[in-house]
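Colleague: Hey, I'm new to this one. Can you put it up and walk me through it?

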Amino acid sequence: MNNKEAIIKIADRVIGGHDTEWNMNIESFDWVPGVGLYGIYQAYQKMGDKRYLDFLIGWAERHLQEAYKQITVNSVAPLLTVSYLYEETKNSEYIKVCTDLAEYVLNEAPRTVDGGLEHTVTEDVEGFSDQVWADTLFMVCIFMANMGRLTGEKKYSDFAIEQLCIHHRLLSDGNGLYFHGYNGAKKDHMSAVRWGRANAWIIYSTMQILSLTGEFKEREKICEYVQAHVKRLSECQRADGGFGTVIDNEKSYAEISATAGILAGVKLAVDSGIVDKKYQAVYEKGCDAILNSIAEDGSVLSVSTGTPVMESEEAYLNIPCTPTLYGQGLAIVAL
């Protein structure tokens, strides 16, 4: 199975599924469907198959107004795809909802003591007061960068750049990898684990934000972060091309959503010229790990379920795996 065949298989699993469980239910407005939708849009861009565009438009017709029901950082995620759908359709309803939520993020979303977006979720859990998570760069900051590009409103791009710089500064371990989260009130990284998917969110989101925002004062510094990150990631890649759910723990299980997000980000870094072309080998080596994890029905396997900042490294190692929409979406993006 080649990459294109795999993309079709993975995407068709999403648009043809009738899942009702949280991990694969695309008929809701939240971050998990948001990443899945983004994957379907990328499949449409790659394959030109109108079935994918029709699916996304139908989803927007059914769910777009849900954007106002429970506004959090994480639940903004589907609007990244909606912003791209606006370019395809020029549907004014799409850009209105995107603008309304971009204004919420800009003016009302809670910030930590360090100025970072506080990680807020729709799940029924206690809040994460003063916590910055790597996840947020993907869930909202790519969207804000794209809104800056779409509307010409520099305030959205500036916000995305500001958050990009804050997240790199607070989450970097100083040696190329990234921690999952940072607690501004306690001034620590909580369990201080270099979680695989956190590193995927960081590298992929950084490259997307750089491509959408153009030149800015701190760009060179961010590129230095990218260079150090890709170097360390290449050192952590396993013999089969995958990456561990704890990136620097060789005994942790290989996790495919992290692998896919990392590979996609590394490929963009190579293509942009920010890192040396030798790192193309990281991408090529890793694709087999994804292809070997696709079930007959198109489900992407070896994907860890939803993962807050856990209390210990051991807790990360025990997160169970199940097919998820973010696993499907990130696998499409990588391939």
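This is a predicted model: local features need pLDDT of at least 70, side-chain atom pairs count only at pLDDT 80 or more; totals for chains, interfaces and linings use all residues.

Colleague: Okay, which residues of α5 are buried, then?

Modeller: In α5 they are Y94, I95, V97, C98, L101, A102, Y104, V105 and L106.

Colleague: Why would residues three or four places apart point the same way?

Modeller: That comes from the turn of an α-helix: there are 3.6 residues a turn, so residues three or four places apart end up pointing the same way.

Colleague: And what do the buried residues of α5 pack against?

Modeller: They pack against α3 (50–63), α4 (78–89), α6 (135–151) and α7 (154–171).

Colleague: How far does α5 reach?

Modeller: Helix α5 covers residues 92–107, 16 residues, and spans 22 Å from its first C-alpha to its last, close to the expected 22 Å.

Colleague: Let's zoom out. How many helices and strands are in the chain?

Modeller: The protein chain has 13 helices and two strands. Its radius of gyration is 18 Å, close to the 20 Å that the globule rule gives for 335 residues, so the chain is as compact as a globular protein of that length.

Colleague: What box do the C-alpha atoms fill?

Modeller: Roughly 50 × 45 × 40 Å, along the principal axes. Of the 335 residues, 61% count as buried.

Colleague: Switching topic: where is M47, and is it buried or partly exposed?

Modeller: M47 sits in helix α2, residues 31–47. It is partly exposed, with a relative accessible area of 27%.

Colleague: Who does M47 touch, leaving aside neighbours within four places in sequence?

Modeller: K4, I7, I8 and Y52. K4 is 43 residues from M47 along the chain, yet their C-alpha atoms are separated by 7.9 Å.

Colleague: One more helix. Which residues are buried in α11?

Modeller: V282, Y283, G286, C287, A289, I290 and L291. Their cover includes α1 (3–15), α9 (219–236), α10 (256–272) and α13 (325–334). Helix α11 itself is residues 280–291, and it reaches 17 Å end to end by C-alpha, close to the 16 Å expected.

How values were computed
Residues are numbered from 1 along each chain as its sequence is written. Side-chain values use heavy atoms; hydrogens and water are left out. Helices (H or I, at least four residues) and strands (E, at least two) are DSSP runs, numbered from the N terminus. The radius of gyration is taken over C-alpha atoms; the globule rule is 2.2 Å times the number of residues to the power 0.38. Buried means under 20% relative accessible area, exposed over 50%, partly exposed in between (1.4 Å probe, protein chains only). Contact means heavy atoms within 4.5 Å. The expected span of a helix is 1.5 Å times one less than its number of residues.
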